[in-house]
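Reader: Please take me through one part of this structure closely. I would like the pairing of the strands first, and then what surrounds them.

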Amino acid sequence: MAQNKWEVVVVGGGPAGLSAAIEAAKSGCRTLVVDANETAGGQLFKQIHKFFGSSAHRAGVRGIDIGGELLAECEKQGVEVWLNSVAIGLFKEKTVAVERGFDNGAKSVVVLEADRIVLASGASENAVRFRGWTLPGVMGAGAAQTMINVNRVLPGKNVLMIGSGNVGLIVSYQLMQAGADVKALVEAAPKIGGYAVHASKIARAGVPIHTGHTVLEARGDRRVEEADICAVDEKWQPLLETKKTLAVDTVTIAAGLKPLVELAMMHDCQMMFHPVLGGWAPLHDAKMETTSPGIYVAGDISGVEEANTALEEGKLAGISAAESLGKIGEADADRIRSEIWGRLDGLRLGPHGVMRMQAKSEQIDHYKSAQSA
Amino acid sequence: MSVENEGYLTIEELKAAGQYPSGARFQEGPVAVIECVQEIPCNPCETACRFGAIRVGEPITNLPKADEGKCTGCGLCVARCPGLAIFIVDKTYGEGLGAVSFPYEYFPLPSEGDEVTAVDRAGRGVCAGTVVKILAPESFDRTPVVTVAVPVGKAEDVRGIERAGQAGGQS
Ligand SMILES: Cc1cc2nc3c(=O)[nH]c(=O)nc-3n(C[C@H](O)[C@H](O)[C@H](O)COP(=O)(O)OP(=O)(O)OC[C@H]3O[C@@H](n4cnc5c(N)ncnc54)[C@H](O)[C@@H]3O)c2cc1C
Ligand code: SF4
Ligand code: SF4
């Protein structure tokens, strides 16, 4: 086992982790990013669509291109990036165990000591259980998106999408771009969850969106061949008399994401449950520091939001980590942080954003009461 | 609202949002129709328009406001909108003909001269159309903009074409 010492170790190379690393390295910290994947960029490398946001956030640029820009900037700032490297443990004080290598080749575990740690591990997909949900052909929407946009393999020809959040809407669109047909999208809630413009895109392409509907069962010999959907009542109970069978070979589930918080829990970071943020997420202050001093969070791990907010939270974490190591003065750090918070507040407006703004401020309030307790 | 349940806007919803071009403006020639009625954090349309015809301002969750007097119908904003929510409608295209331009990111791309089935906001086939223009310069960043000519009476309904290989549209 090799030993390794770093000033800042960032776990996860998505938009949050990369922007944290860039800021830390810019301020002169010796910075390492470890990422489980073959390429860094996190979710961005699956996002072939043009992003929302303000022109200040590279709006209108495709996610995949934003990822490329971040990687180039990391290189320029001298950030070290380890790929195919999974952080498998986080021990006190601020020691990270990283498994490097491939399943089919040599693997080794490296133990890193870090002065500061930024956890930016993102989120994982929620499952929905129904009869037949273990059949091949039933998969997470994010998995289907990885198949088409990263591996360039079509998971099936005729798809039933479950869930009308932005992930369900965008992945439906991208499945059609990849050559599949989306036979229907069902959403148990009475209204579409994601942005209207994303819904309109797939409606225009002929995808029927059934709100107040759910999936009952997927059937098939060895893999999905058909699926039943039906309407639900206001308590989300299925109304069996409305059952309809669709000839589909793929059922994709977009039922939300939850923060990947295991490492934070290993280091006893205090958590808070908030449904708007995807479930349990670590408490943090306005500098993104958790209740474990020196451990910061940024991006979806601190509450599922968007790439734009992940980028800004990453900057907050990177600058604050550098400040606490004495690499940047308090006045400068405060000025930059207040600019970032201004942009974050702007992103958390509108009917989709205010709930997140509220939830994030509850997180910070809980952090304060946890600290004073 | 239909857009919250079925996913597509109706003309009535659009008009109620106060963003729909006037009948008089339609008679003057091509004009942008911005079909973005939800407050989302987004503003590239504003910087895309060099005539200052679209304003979002601060905060960026404001709805885009179009100034039909300033809009020349040039179409530069269409490929820049990540929501694919801007269309150019020209009700003066020709004798009895209108033209609708829309972003089209599917394969295969149609060719100029193709006879196609034009679809409305709900993806329903509404009439036959002819592809009259396809623009895909580098600045559009892989979002081609297709223009179809359709009977002028359908120009306010048509918002796309049936995808090649799509099984006969949907009901
Ligand atoms: C279909 C879809 C469409 C989206 N569209 C938009 C959009 O239009 N606009 C927008 O702003 N946002 C969009 N998003 C959201 C955006 O992609 C995410 O919010 C953003 O990527 C979160 O960034 P992150 O850095 O927190 O996490 P991620 O991007 O998820 O990155 C986390 C990284 O951490 C790595 N990792 C996790 N655990 C470990 C570990 N133990 N060891 C090592 N590495 C680890 C993962 O491999 C991954 O690379 C979309 C998301 C999806 C799924
Ligand atoms: S069509 Fe041209 S002038 Fe009109 S809003 Fe779009 S960019 Fe501006
Ligand atoms: S760019 Fe498109 S989606 Fe974004 S605000 Fe403008 S019209 Fe709406």
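Author: Start with a pair of strands in chain B. Strand β6 (residues 115-119) of chain B and strand β7 (residues 125-135) of chain B run antiparallel, joined by five bridges. Strands here are DSSP runs (E, at least two residues), and helices are runs of H or I of at least four residues, both numbered from the N terminus. Two strands count as paired if DSSP finds at least two bridges between them.

This is a predicted model, in which local features need pLDDT of at least 70 and side-chain atom pairs count only at pLDDT 80 or more, while totals for chains, interfaces and linings use all residues. Residues are numbered from 1 along each chain as its sequence is written, chains are lettered from A and ligands numbered from 1 in the order in which they are written, and side-chain values use heavy atoms, with hydrogens and water left out.

Back to the pair. B:Val119 faces B:Gly125 in β7(B). β6(B) and β7(B) make a hairpin, with five residues between them. In the turn, B:Gly123 has a positive phi of about 80°.

Now follow β7(B) onward. Five bridges tie β7(B) to strand β8 (residues 145-151) of chain B, again antiparallel. B:Ile134 has B:Val146 in β8(B) as its bridge partner. β8(B) also pairs with strand β5 (residues 97-103) of chain B, over seven bridges and in the antiparallel sense. There B:Leu97 stands opposite B:Pro151.

These strands belong to an open sheet of seven strands in chain B, in the order β1-β4-β5-β8-β7-β6-β9, with antiparallel pairing. β1 (31-34) and β9 (160-161) of chain B are the edge strands, each pairing on one side only. Strands of a sheet pair through backbone hydrogen bonds, either parallel or antiparallel.

Take one residue of β6(B). B:Val116 lies in that strand. B:Val116 counts as buried because its relative accessibility is 14%; buried means under 20% relative accessible area, exposed over 50%, and partly exposed in between (1.4 Å probe, protein chains only). Leaving aside neighbours within four places in sequence, B:Val116 is in contact (heavy atoms within 4.5 Å) with B:Cys127, B:Ala128, B:Gly129, B:Val131, B:Val148 and B:Ile161. B:Val116 and B:Ala149 are 33 residues apart in sequence and 9.9 Å apart in space, C-alpha to C-alpha.

B:Ile86 has its own set of partners. Not counting residues up to four places away in sequence, B:Ile86 touches, among others, B:Ile34, B:Cys45, B:Cys77 and B:Cys81.

Residues from chains A and B surround ligand 3, so the site is shared between chains. Near here means that a heavy atom of the residue lies within 4 Å.

Finally, the two chains. The contact takes 40 residues from chain A and 45 residues from chain B.
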